[in-house]
Amino acid sequence: MHEDASEHEALLDALIAGKLPDERGRFGPFGGQYVPETLMTAVNRLSEGVRDVLPSADFRQRLEAELKTWVGRPTALTHAPRLGERWDADVWFKREDLAHTGAHKINNGIGQALLAQALGAKRVVAETGAGQHGVAAAAACARLGLPCVVYMGEVDVERQAPNVDRMGRLGAEVVAVTSGDRTLRAAIDEAIRDWVSDPEGTYYLIGSAIGPHPYPLLVRELQAVIGREARAQMLAAGGLPDAVFACVGGGSNAIGIFHAFLADRDIALFGIEAGGCGSALGQHSATIAAGRPGVLHGNYSMLLYDDDGQIQETHSVSAGLDYPGVGPEHSLLKLVGRVDYETASDAEALAALDECCEAEGILPALESAHALAGAKRWAANNPGRRILIGMSGRGDKDMPILSRYPRSEAGVDVAA
Ligand SMILES: *Cc1c(COP(=O)(O)O)cnc(C)c1O
(Lines give C-alpha, C1' and ligand atoms only; values in the text may rest on other atoms or scores of the structure.)
Protein backbone atom coordinates (compact mmCIF):
# COMPACT_ATOMS: atom_id res chain seq x y z
CA MET A 1 0.00 0.00 0.00
CA HIS A 2 2.69 2.47 1.05
CA GLU A 3 4.89 1.43 -1.86
CA ASP A 4 1.98 1.94 -4.24
CA ALA A 5 1.41 5.43 -2.91
CA SER A 6 5.03 6.52 -3.37
CA GLU A 7 5.17 4.89 -6.80
CA HIS A 8 2.03 6.76 -7.82
CA GLU A 9 3.47 10.01 -6.48
CA ALA A 10 6.64 9.43 -8.53
CA LEU A 11 4.56 8.82 -11.68
CA LEU A 12 2.58 12.02 -11.15
CA ASP A 13 5.80 13.98 -10.55
CA ALA A 14 7.23 12.56 -13.79
CA LEU A 15 4.07 13.49 -15.69
CA ILE A 16 4.12 17.05 -14.35
CA ALA A 17 7.83 17.34 -15.14
CA GLY A 18 7.07 16.47 -18.79
CA LYS A 19 8.82 13.08 -18.62
CA LEU A 20 5.74 11.06 -19.62
CA PRO A 21 5.03 9.44 -21.94
CA ASP A 22 8.44 7.76 -21.73
CA GLU A 23 10.45 6.74 -24.80
CA ARG A 24 8.24 3.64 -25.21
CA GLY A 25 5.18 5.86 -25.24
CA ARG A 26 4.05 4.82 -21.77
CA PHE A 27 2.12 6.79 -19.19
CA GLY A 28 3.11 4.48 -16.34
CA PRO A 29 1.44 1.16 -17.17
CA PHE A 30 -0.78 2.71 -19.86
CA GLY A 31 -0.32 3.77 -23.49
CA GLY A 32 2.35 2.17 -25.68
CA GLN A 33 2.27 1.04 -29.29
CA TYR A 34 0.18 -2.11 -29.72
CA VAL A 35 0.34 -2.14 -33.50
CA PRO A 36 1.19 -4.74 -36.16
CA GLU A 37 4.68 -4.65 -37.63
CA THR A 38 3.22 -3.24 -40.87
CA LEU A 39 2.24 -0.05 -39.03
CA MET A 40 5.64 0.60 -37.43
CA THR A 41 7.03 2.54 -40.42
CA ALA A 42 4.13 4.98 -40.29
CA VAL A 43 4.17 5.25 -36.50
CA ASN A 44 7.94 5.85 -36.38
CA ARG A 45 7.69 8.51 -39.05
CA LEU A 46 5.04 10.28 -37.03
CA SER A 47 7.12 10.01 -33.84
CA GLU A 48 10.02 11.72 -35.58
CA GLY A 49 7.69 14.46 -36.77
CA VAL A 50 6.31 15.02 -33.30
CA ARG A 51 9.83 15.12 -31.86
CA ASP A 52 11.41 17.38 -34.51
CA VAL A 53 8.65 19.47 -36.10
CA LEU A 54 6.28 20.21 -33.21
CA PRO A 55 8.78 22.17 -31.05
CA SER A 56 10.36 24.00 -34.03
CA ALA A 57 10.04 27.79 -34.11
CA ASP A 58 8.65 27.71 -37.64
CA PHE A 59 5.86 25.26 -36.77
CA ARG A 60 5.01 27.10 -33.53
CA GLN A 61 4.71 30.39 -35.42
CA ARG A 62 2.47 28.98 -38.12
CA LEU A 63 0.25 27.21 -35.58
CA GLU A 64 -0.08 30.32 -33.45
CA ALA A 65 -1.04 32.44 -36.45
CA GLU A 66 -3.76 29.96 -37.51
CA LEU A 67 -5.08 29.67 -33.95
CA LYS A 68 -5.30 33.42 -33.64
CA THR A 69 -6.64 34.48 -37.04
CA TRP A 70 -8.56 31.43 -38.26
CA VAL A 71 -9.69 29.48 -35.17
CA GLY A 72 -10.40 32.64 -33.14
CA ARG A 73 -8.15 32.10 -30.12
CA PRO A 74 -7.85 32.92 -27.36
CA THR A 75 -11.41 31.81 -26.68
CA ALA A 76 -13.25 33.77 -23.99
CA LEU A 77 -13.43 33.00 -20.30
CA THR A 78 -17.03 33.77 -19.35
CA HIS A 79 -18.38 34.43 -15.87
CA ALA A 80 -21.72 32.67 -15.22
CA PRO A 81 -23.25 34.66 -12.35
CA ARG A 82 -26.88 33.54 -12.70
CA LEU A 83 -25.92 29.89 -12.76
CA GLY A 84 -23.56 30.61 -9.86
CA GLU A 85 -26.37 32.10 -7.83
CA ARG A 86 -28.51 29.00 -8.35
CA TRP A 87 -25.64 26.67 -7.43
CA ASP A 88 -24.14 28.80 -4.65
CA ALA A 89 -20.83 28.86 -6.53
CA ASP A 90 -18.59 31.20 -8.52
CA VAL A 91 -18.88 29.63 -11.98
CA TRP A 92 -16.66 30.28 -15.01
CA PHE A 93 -16.77 28.78 -18.52
CA LYS A 94 -13.81 28.25 -20.86
CA ARG A 95 -15.55 28.85 -24.17
CA GLU A 96 -14.31 26.31 -26.74
CA ASP A 97 -17.85 26.52 -28.15
CA LEU A 98 -16.75 29.88 -29.59
CA ALA A 99 -13.89 28.34 -31.57
CA HIS A 100 -14.23 27.96 -35.35
CA THR A 101 -16.49 25.03 -36.32
CA GLY A 102 -17.97 25.05 -32.82
CA ALA A 103 -15.77 22.91 -30.57
CA HIS A 104 -12.25 22.30 -29.25
CA LYS A 105 -11.66 19.73 -32.02
CA ILE A 106 -10.38 22.43 -34.38
CA ASN A 107 -7.28 23.03 -32.19
CA ASN A 108 -6.21 19.48 -32.92
CA GLY A 109 -7.47 19.53 -36.52
CA ILE A 110 -5.44 22.53 -37.65
CA GLY A 111 -2.39 21.49 -35.60
CA GLN A 112 -2.21 18.02 -37.13
CA ALA A 113 -3.00 19.33 -40.63
CA LEU A 114 -0.01 21.69 -40.31
CA LEU A 115 2.10 18.74 -39.14
CA ALA A 116 0.91 16.65 -42.11
CA GLN A 117 1.95 19.44 -44.44
CA ALA A 118 5.35 19.82 -42.75
CA LEU A 119 5.91 16.06 -43.11
CA GLY A 120 5.17 16.27 -46.83
CA ALA A 121 1.91 14.30 -46.79
CA LYS A 122 -0.08 14.37 -50.04
CA ARG A 123 -3.42 13.51 -48.46
CA VAL A 124 -5.04 13.25 -45.03
CA VAL A 125 -7.35 10.55 -43.70
CA ALA A 126 -9.49 10.95 -40.59
CA GLU A 127 -12.22 9.08 -38.75
CA THR A 128 -15.35 10.53 -37.29
CA GLY A 129 -18.25 9.37 -35.13
CA ALA A 130 -20.75 12.18 -34.71
CA GLY A 131 -19.00 14.15 -37.43
CA GLN A 132 -17.50 16.94 -35.31
CA HIS A 133 -13.93 15.79 -35.79
CA GLY A 134 -14.63 15.08 -39.46
CA VAL A 135 -15.82 18.67 -39.91
CA ALA A 136 -12.74 20.04 -38.10
CA ALA A 137 -10.40 17.86 -40.18
CA ALA A 138 -12.19 18.80 -43.43
CA ALA A 139 -12.03 22.51 -42.59
CA ALA A 140 -8.34 22.38 -41.61
CA CYS A 141 -7.43 20.44 -44.77
CA ALA A 142 -9.35 22.89 -46.96
CA ARG A 143 -7.49 25.73 -45.27
CA LEU A 144 -4.13 24.15 -46.17
CA GLY A 145 -5.10 22.73 -49.56
CA LEU A 146 -4.77 19.08 -48.54
CA PRO A 147 -7.14 16.43 -49.93
CA CYS A 148 -9.10 14.84 -47.06
CA VAL A 149 -10.90 11.50 -46.77
CA VAL A 150 -13.12 10.96 -43.72
CA TYR A 151 -14.10 7.43 -42.70
CA MET A 152 -17.46 7.27 -40.96
CA GLY A 153 -19.48 4.25 -39.88
CA GLU A 154 -22.52 3.60 -42.04
CA VAL A 155 -24.78 3.90 -38.99
CA ASP A 156 -23.33 7.33 -38.14
CA VAL A 157 -23.61 8.53 -41.76
CA GLU A 158 -27.36 8.00 -41.41
CA ARG A 159 -27.74 9.49 -37.91
CA GLN A 160 -25.50 12.54 -38.57
CA ALA A 161 -26.61 13.61 -42.04
CA PRO A 162 -26.07 17.38 -41.53
CA ASN A 163 -22.41 16.89 -40.64
CA VAL A 164 -21.92 14.60 -43.67
CA ASP A 165 -23.18 17.44 -45.88
CA ARG A 166 -20.95 19.90 -44.02
CA MET A 167 -17.84 17.78 -44.66
CA GLY A 168 -18.79 17.51 -48.31
CA ARG A 169 -19.16 21.27 -48.63
CA LEU A 170 -15.73 21.64 -47.09
CA GLY A 171 -14.34 19.47 -49.86
CA ALA A 172 -13.79 16.21 -47.96
CA GLU A 173 -14.72 12.80 -49.32
CA VAL A 174 -16.81 10.91 -46.77
CA VAL A 175 -16.46 7.11 -46.98
CA ALA A 176 -19.20 5.07 -45.26
CA VAL A 177 -17.68 2.10 -43.39
CA THR A 178 -19.81 -1.03 -43.63
CA SER A 179 -17.54 -3.38 -41.63
CA GLY A 180 -17.46 -4.17 -37.90
CA ASP A 181 -19.86 -2.23 -35.71
CA ARG A 182 -20.39 0.32 -38.54
CA THR A 183 -19.78 3.16 -36.05
CA LEU A 184 -16.73 5.04 -34.72
CA ARG A 185 -14.71 1.98 -33.77
CA ALA A 186 -14.91 0.54 -37.29
CA ALA A 187 -14.17 3.97 -38.79
CA ILE A 188 -10.90 4.18 -36.81
CA ASP A 189 -9.93 0.66 -37.95
CA GLU A 190 -10.56 1.67 -41.57
CA ALA A 191 -8.61 4.95 -41.31
CA ILE A 192 -5.63 3.06 -39.85
CA ARG A 193 -5.85 0.51 -42.68
CA ASP A 194 -5.71 3.29 -45.26
CA TRP A 195 -2.73 4.91 -43.48
CA VAL A 196 -0.73 1.65 -43.40
CA SER A 197 -1.13 1.19 -47.13
CA ASP A 198 0.70 4.48 -47.82
CA PRO A 199 2.62 5.72 -44.76
CA GLU A 200 4.79 8.06 -46.88
CA GLY A 201 2.07 10.00 -48.66
CA THR A 202 -0.85 9.70 -46.24
CA TYR A 203 -1.23 11.33 -42.84
CA TYR A 204 -3.74 9.93 -40.32
CA LEU A 205 -5.38 12.80 -38.41
CA ILE A 206 -6.82 11.18 -35.28
CA GLY A 207 -9.61 12.95 -33.40
CA SER A 208 -8.91 12.40 -29.71
CA ALA A 209 -6.11 11.68 -27.23
CA ILE A 210 -6.20 7.98 -28.11
CA GLY A 211 -4.40 5.61 -30.51
CA PRO A 212 -0.80 4.35 -30.45
CA HIS A 213 2.03 6.56 -29.20
CA PRO A 214 2.72 9.36 -30.18
CA TYR A 215 -0.94 10.30 -30.81
CA PRO A 216 -2.00 10.73 -27.15
CA LEU A 217 1.01 13.02 -26.62
CA LEU A 218 0.47 14.92 -29.89
CA VAL A 219 -3.23 15.56 -29.26
CA ARG A 220 -2.60 16.61 -25.66
CA GLU A 221 0.07 19.08 -26.76
CA LEU A 222 -2.31 20.59 -29.33
CA GLN A 223 -5.23 20.81 -26.86
CA ALA A 224 -3.16 22.06 -23.91
CA VAL A 225 -3.72 25.59 -25.24
CA ILE A 226 -7.18 25.40 -23.60
CA GLY A 227 -5.77 25.03 -20.08
CA ARG A 228 -2.88 27.46 -20.61
CA GLU A 229 -5.29 30.18 -21.68
CA ALA A 230 -7.87 29.33 -19.01
CA ARG A 231 -5.30 29.37 -16.18
CA ALA A 232 -3.99 32.81 -17.20
CA GLN A 233 -7.54 34.12 -17.73
CA MET A 234 -8.68 32.87 -14.29
CA LEU A 235 -5.68 34.55 -12.64
CA ALA A 236 -6.46 37.79 -14.46
CA ALA A 237 -10.11 37.48 -13.34
CA GLY A 238 -9.24 37.27 -9.66
CA GLY A 239 -7.71 33.87 -8.95
CA LEU A 240 -7.39 30.19 -9.74
CA PRO A 241 -10.42 27.91 -9.38
CA ASP A 242 -10.99 25.41 -6.56
CA ALA A 243 -12.16 22.81 -9.06
CA VAL A 244 -12.08 22.18 -12.83
CA PHE A 245 -14.66 20.07 -14.70
CA ALA A 246 -14.51 18.63 -18.22
CA CYS A 247 -16.41 15.92 -20.08
CA VAL A 248 -14.49 12.82 -21.16
CA GLY A 249 -15.09 10.85 -24.35
CA GLY A 250 -11.69 9.91 -25.75
CA GLY A 251 -10.43 12.59 -23.40
CA SER A 252 -8.92 15.34 -25.57
CA ASN A 253 -10.72 18.44 -24.27
CA ALA A 254 -10.34 17.22 -20.70
CA ILE A 255 -6.61 16.52 -20.97
CA GLY A 256 -6.25 19.88 -22.71
CA ILE A 257 -7.82 21.84 -19.88
CA PHE A 258 -6.41 19.71 -17.03
CA HIS A 259 -2.78 19.86 -18.06
CA ALA A 260 -2.10 23.42 -16.97
CA PHE A 261 -3.54 22.64 -13.52
CA LEU A 262 -1.86 19.30 -12.74
CA ALA A 263 0.88 20.92 -10.65
CA ASP A 264 -1.65 22.93 -8.61
CA ARG A 265 -2.28 20.05 -6.24
CA ASP A 266 -4.94 21.92 -4.27
CA ILE A 267 -7.12 22.37 -7.37
CA ALA A 268 -9.53 19.43 -7.70
CA LEU A 269 -9.91 18.05 -11.23
CA PHE A 270 -13.00 16.14 -12.39
CA GLY A 271 -13.54 14.19 -15.60
CA ILE A 272 -17.21 13.51 -16.28
CA GLU A 273 -18.08 10.47 -18.37
CA ALA A 274 -21.38 9.56 -19.99
CA GLY A 275 -23.54 7.63 -17.52
CA GLY A 276 -26.12 7.10 -20.27
CA CYS A 277 -29.40 5.53 -19.25
CA GLY A 278 -28.22 2.88 -16.79
CA SER A 279 -25.27 1.05 -15.22
CA ALA A 280 -25.40 -2.19 -17.25
CA LEU A 281 -22.81 -2.74 -19.98
CA GLY A 282 -24.18 -1.22 -23.17
CA GLN A 283 -26.21 1.48 -21.40
CA HIS A 284 -23.39 3.98 -20.85
CA SER A 285 -19.90 5.07 -21.99
CA ALA A 286 -18.31 5.30 -18.51
CA THR A 287 -14.99 3.82 -19.54
CA ILE A 288 -12.91 4.80 -16.52
CA ALA A 289 -15.68 4.57 -13.95
CA ALA A 290 -16.85 1.12 -15.08
CA GLY A 291 -14.13 -0.33 -17.35
CA ARG A 292 -11.07 -2.57 -17.02
CA PRO A 293 -7.62 -2.26 -18.61
CA GLY A 294 -7.20 -3.64 -22.11
CA VAL A 295 -5.91 -2.86 -25.59
CA LEU A 296 -7.91 -0.96 -28.22
CA HIS A 297 -6.68 1.03 -31.23
CA GLY A 298 -3.00 0.62 -30.43
CA ASN A 299 -2.85 1.52 -26.76
CA TYR A 300 -3.35 -0.05 -23.34
CA SER A 301 -5.92 1.88 -21.30
CA MET A 302 -9.23 1.51 -19.53
CA LEU A 303 -11.81 -0.12 -21.77
CA LEU A 304 -15.37 -1.45 -21.77
CA TYR A 305 -15.53 -5.15 -22.61
CA ASP A 306 -17.45 -8.19 -21.40
CA ASP A 307 -16.18 -11.39 -19.75
CA ASP A 308 -15.47 -12.90 -23.18
CA GLY A 309 -13.21 -9.95 -24.02
CA GLN A 310 -15.72 -8.53 -26.51
CA ILE A 311 -15.63 -4.73 -26.74
CA GLN A 312 -18.98 -3.36 -25.64
CA GLU A 313 -21.40 -1.25 -27.58
CA THR A 314 -21.73 2.01 -25.71
CA HIS A 315 -24.59 4.44 -25.28
CA SER A 316 -24.86 8.15 -24.61
CA VAL A 317 -27.34 10.82 -25.63
CA SER A 318 -24.22 12.73 -26.76
CA ALA A 319 -22.62 11.08 -29.77
CA GLY A 320 -19.22 12.62 -28.97
CA LEU A 321 -18.89 10.66 -25.70
CA ASP A 322 -19.96 7.36 -27.26
CA TYR A 323 -16.62 5.47 -27.36
CA PRO A 324 -15.64 2.30 -25.43
CA GLY A 325 -12.03 3.43 -24.79
CA VAL A 326 -10.30 6.46 -23.30
CA GLY A 327 -6.89 8.10 -23.68
CA PRO A 328 -4.09 6.41 -21.68
CA GLU A 329 -3.09 9.59 -19.84
CA HIS A 330 -6.52 9.66 -18.19
CA SER A 331 -6.08 6.06 -17.03
CA LEU A 332 -2.83 7.14 -15.35
CA LEU A 333 -4.42 10.24 -13.79
CA LYS A 334 -7.12 7.98 -12.37
CA LEU A 335 -4.56 5.44 -11.10
CA VAL A 336 -2.48 8.06 -9.28
CA GLY A 337 -5.59 9.80 -7.94
CA ARG A 338 -4.92 13.24 -9.43
CA VAL A 339 -8.25 13.39 -11.30
CA ASP A 340 -11.61 12.07 -10.10
CA TYR A 341 -13.76 10.46 -12.78
CA GLU A 342 -17.52 10.53 -12.28
CA THR A 343 -20.53 10.06 -14.49
CA ALA A 344 -23.54 12.15 -15.47
CA SER A 345 -26.59 10.44 -16.92
CA ASP A 346 -28.42 11.37 -20.13
CA ALA A 347 -31.18 12.94 -18.01
CA GLU A 348 -28.75 14.95 -15.86
CA ALA A 349 -26.94 16.24 -18.96
CA LEU A 350 -30.21 17.27 -20.64
CA ALA A 351 -31.34 19.11 -17.50
CA ALA A 352 -27.96 20.86 -17.17
CA LEU A 353 -28.13 21.91 -20.83
CA ASP A 354 -31.53 23.52 -20.31
CA GLU A 355 -30.42 25.23 -17.11
CA CYS A 356 -27.37 26.71 -18.87
CA CYS A 357 -29.51 27.97 -21.75
CA GLU A 358 -31.96 29.56 -19.38
CA ALA A 359 -29.50 31.07 -16.90
CA GLU A 360 -26.68 32.17 -19.19
CA GLY A 361 -27.98 32.30 -22.76
CA ILE A 362 -25.52 29.66 -23.89
CA LEU A 363 -26.58 26.43 -25.63
CA PRO A 364 -23.81 23.96 -24.76
CA ALA A 365 -23.06 20.77 -26.67
CA LEU A 366 -24.65 17.70 -25.07
CA GLU A 367 -21.11 16.48 -24.34
CA SER A 368 -20.25 19.68 -22.46
CA ALA A 369 -23.54 19.45 -20.58
CA HIS A 370 -22.11 16.38 -18.80
CA ALA A 371 -19.37 18.59 -17.32
CA LEU A 372 -22.03 21.09 -16.23
CA ALA A 373 -24.04 18.33 -14.54
CA GLY A 374 -20.95 17.04 -12.69
CA ALA A 375 -20.08 20.55 -11.52
CA LYS A 376 -23.60 21.19 -10.31
CA ARG A 377 -23.58 18.00 -8.22
CA TRP A 378 -20.21 18.90 -6.66
CA ALA A 379 -21.30 22.47 -5.93
CA ALA A 380 -24.28 21.14 -3.98
CA ASN A 381 -21.86 19.46 -1.55
CA ASN A 382 -19.20 22.19 -1.64
CA PRO A 383 -20.93 25.56 -1.36
CA GLY A 384 -19.23 28.86 -2.15
CA ARG A 385 -16.43 27.49 -4.35
CA ARG A 386 -14.86 28.84 -7.52
CA ILE A 387 -15.49 26.45 -10.41
CA LEU A 388 -14.07 26.35 -13.93
CA ILE A 389 -15.99 24.32 -16.52
CA GLY A 390 -14.63 23.33 -19.93
CA MET A 391 -17.34 24.26 -22.42
CA SER A 392 -16.03 21.90 -25.08
CA GLY A 393 -18.53 22.84 -27.80
CA ARG A 394 -21.81 24.43 -28.82
CA GLY A 395 -25.11 22.64 -28.98
CA ASP A 396 -26.39 23.78 -32.38
CA LYS A 397 -25.38 20.40 -33.81
CA ASP A 398 -27.58 18.68 -31.19
CA MET A 399 -30.85 20.37 -32.16
CA PRO A 400 -32.20 17.32 -34.08
CA ILE A 401 -31.70 15.19 -30.93
CA LEU A 402 -32.88 17.88 -28.52
CA SER A 403 -36.13 18.28 -30.43
CA ARG A 404 -37.02 14.76 -29.22
CA TYR A 405 -36.86 15.83 -25.56
CA PRO A 406 -39.22 18.33 -23.91
CA ARG A 407 -37.52 21.29 -22.30
CA SER A 408 -36.58 20.31 -18.77
CA GLU A 409 -37.88 22.10 -15.67
CA ALA A 410 -34.78 21.32 -13.61
CA GLY A 411 -33.39 24.84 -13.80
CA VAL A 412 -36.64 26.39 -12.63
CA ASP A 413 -36.82 24.07 -9.60
CA VAL A 414 -33.35 25.04 -8.45
CA ALA A 415 -34.13 28.74 -8.65
CA ALA A 416 -37.37 28.44 -6.67
C1 LIG B 1 -15.93 15.17 -29.66
C2 LIG B 1 -16.41 16.01 -28.56
C3 LIG B 1 -16.17 15.69 -27.20
C4 LIG B 1 -15.50 14.42 -26.77
O5 LIG B 1 -14.20 14.24 -27.19
P6 LIG B 1 -12.96 14.38 -26.22
O7 LIG B 1 -11.83 13.86 -27.01
O8 LIG B 1 -13.24 13.56 -25.00
O9 LIG B 1 -12.82 15.82 -25.87
C10 LIG B 1 -16.59 16.57 -26.22
N11 LIG B 1 -17.25 17.70 -26.53
C12 LIG B 1 -17.51 18.05 -27.81
C13 LIG B 1 -18.24 19.32 -28.08
C14 LIG B 1 -17.10 17.22 -28.86
O15 LIG B 1 -17.37 17.57 -30.12
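Trainee: Which classes of residue make up the lining of the second largest cavity?

Mentor: Five are nonpolar, four polar and none charged; here Ala, Val, Leu, Ile, Met, Phe, Trp, Tyr, Cys and Pro count as nonpolar, Asp, Glu, Lys and Arg as charged, and the others, Gly among them, as polar. This is a predicted model, where local features need pLDDT of at least 70, side-chain atom pairs count only at pLDDT 80 or more, and totals for chains, interfaces and linings use all residues. Residues are numbered from 1 along each chain as its sequence is written, and side-chain values use heavy atoms, without hydrogens and water.

Trainee: Where is that lining, and how much space lies in the second largest cavity?

Mentor: Rolling a probe the size of a water molecule over the atoms shows where empty space is left. In this case about 50 Å³ lies in the cavity, and its lining includes G294, L296, Y323 and V326. Strand β12 gives the largest share, four residues. A cavity is a set of points on a 1 Å grid over the protein atoms alone where a 1.4 Å probe fits but cannot get out, and lining residues have an atom within 4 Å of a point.

Trainee: How many bridges join β11 to β12?

Mentor: Five, and the strands (DSSP E runs of at least two residues) run antiparallel. They pair, as DSSP needs at least two bridges for that. In the hairpin, with two residues between the strands, H297 takes a positive phi near 50 degrees.

Terms used
On a 1 Å grid over the protein atoms alone, a cavity is a set of points where a 1.4 Å probe fits but cannot get out, and a pocket is an open set with protein on both sides within 12 Å along at least five of seven lines; lining residues have an atom within 4 Å of a point. Grid points are joined across faces, edges and corners, and a volume is the space filled by probe spheres set on the points.
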